[in-house]
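Subject: Structure for you to look at

Hello,

Here is the structure I said I would pass on. My notes on what was found in it follow below.

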Amino acid sequence: KKGKKEKKEKFASQTYAMVDAAYEVITTLGQTLLNQKYLEIENGENATERMNLLMDEALSLRDSFVDELQLMNSPLSVAQGVSSTVTSAILAKVKVDGSNYEDDFADTSGYAVREMFDPVPEITNP
């Protein structure tokens with residue numbers, strides 16, 4: 001029986017850690033992805049309202065998963081530690097992966113759109 005209980009507890013701890021880390025990463029990154037400049041406020045697209053709604057829903061989903069696991073004491077502490085480590089590792093990677101997350105993913109490569117044909121062909125009537 002002890003082996004079964006330990007396996008169940010380990011699975012619950014792993015599930016908690018991954019669900020919690022996913023919540024932390026998604027809500028952190030999501031705050032820059034839902035930006036008013038991409039929405040039409042005059043058509044009722046309010047970024048703050050949408051973000052609050054999405055954050056509330058994300059927290060509700062997270063809580064529904066982790067509360068069901070009923071972790072306590074040491075297994076809970078381990079799961080929280082793993083979650084924190086995973087979250088930190090993912091967010092640290094995003095900061096250095098070249099996506100320019102912290103500056104709203106602005107292109108810093110110097111890439112410029114150019115004509116497919118240079119010079120542009122002239123269309124003549126035969």
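Helices (H or I, at least four residues) and strands (E, at least two) are DSSP runs, numbered from the N terminus. Leu59, for instance, lies in helix α2.

Two notes on sources. This is a predicted model, in which local features need pLDDT of at least 70 and side-chain atom pairs count only at pLDDT 80 or more, while totals for chains, interfaces and linings use all residues. Residues are numbered from 1 along each chain as its sequence is written, and side-chain values use heavy atoms, with hydrogens and water left out.

Overall layout

The protein chain has three helices and zero strands, in the order α-α-α from the N terminus on. Its radius of gyration is 23 Å, well over the 14 Å that the globule rule gives for 126 residues, so the protein chain is more spread out than a compact globule. That radius is taken over C-alpha atoms, and the globule rule is 2.2 Å times the number of residues to the power 0.38. Along the principal axes, the C-alpha trace spans about 90 × 35 × 30 Å.

Of the 126 residues in the protein chain, 21% count as buried. Buried means under 20% relative accessible area, exposed means over 50%, and partly exposed is in between (1.4 Å probe, protein chains only). The protein chain exposes about 10,100 Å², of which carbon and sulfur atoms supply 56%. Accessible areas come from the Shrake-Rupley method with a 1.4 Å probe, and for residues only the protein chains shown count as cover.

A contact means heavy atoms within 4.5 Å. Among contacts in the protein chain between residues at least 6 apart in sequence, 71% join residues at least 24 apart.

Helix α2 and its packing

Helix α2 has 23 residues and reaches 33 Å from its first C-alpha to its last, close to the 33 Å expected at 1.5 Å a residue. The expected span is 1.5 Å times one less than the number of residues in the helix.

Which residues of α2 are buried? They are Ala47, Met51, Met55, Arg62 and Val66, and they pack against α1 (2-33). As background, an α-helix has 3.6 residues a turn, so residues three or four places apart point the same way.

Leu59 counts as partly exposed, at 36% relative accessibility.

Salt bridges

How many salt bridges does a search of the whole structure find? It finds three, where a salt bridge is a side-chain nitrogen of Lys or Arg within 4 Å of a carboxyl oxygen of Asp or Glu.

The side chains of Arg62 and Asp20 meet in one of them, at 2.6 Å from N to O. This pair links distant parts of the chain, since Arg62 is in helix α2 and Asp20 is in helix α1, 42 residues apart. Arg62 counts as buried at 14% relative accessibility, and Asp20 counts as buried at 9%.

Arg62 also forms a salt bridge with Asp63, where the closest N and O atoms are 2.7 Å apart. Asp63 is partly exposed, with a relative accessible area of 24%.

Arg50 forms a salt bridge with Glu45, with the closest N and O atoms 4.0 Å apart. Both residues count as partly exposed, Arg50 at 36% relative accessibility and Glu45 at 21%.

Backbone and surface

Gln70 has a positive phi of about 50° although it is not a glycine. Gln70 lies in the loop between α2 (47-69) and α3 and is exposed, with a relative accessible area of 65%. Asn73, also a residue other than glycine, has a positive phi near 55°. Asn73 is found in helix α3 and is exposed, with a relative accessible area of 65%.

Met18, Val78 and Val82 form a nonpolar patch on the surface, with about 240 Å² of accessible area together. Patches are made of residues with over 30% relative accessible area and no salt bridge; like charges are joined within 9 Å, and nonpolar side chains (Val, Leu, Ile, Met, Phe, Trp, Tyr) within 5 Å. Val82 sits in helix α3 (residues 73-96) and is partly exposed, with a relative accessible area of 35%.

Regards
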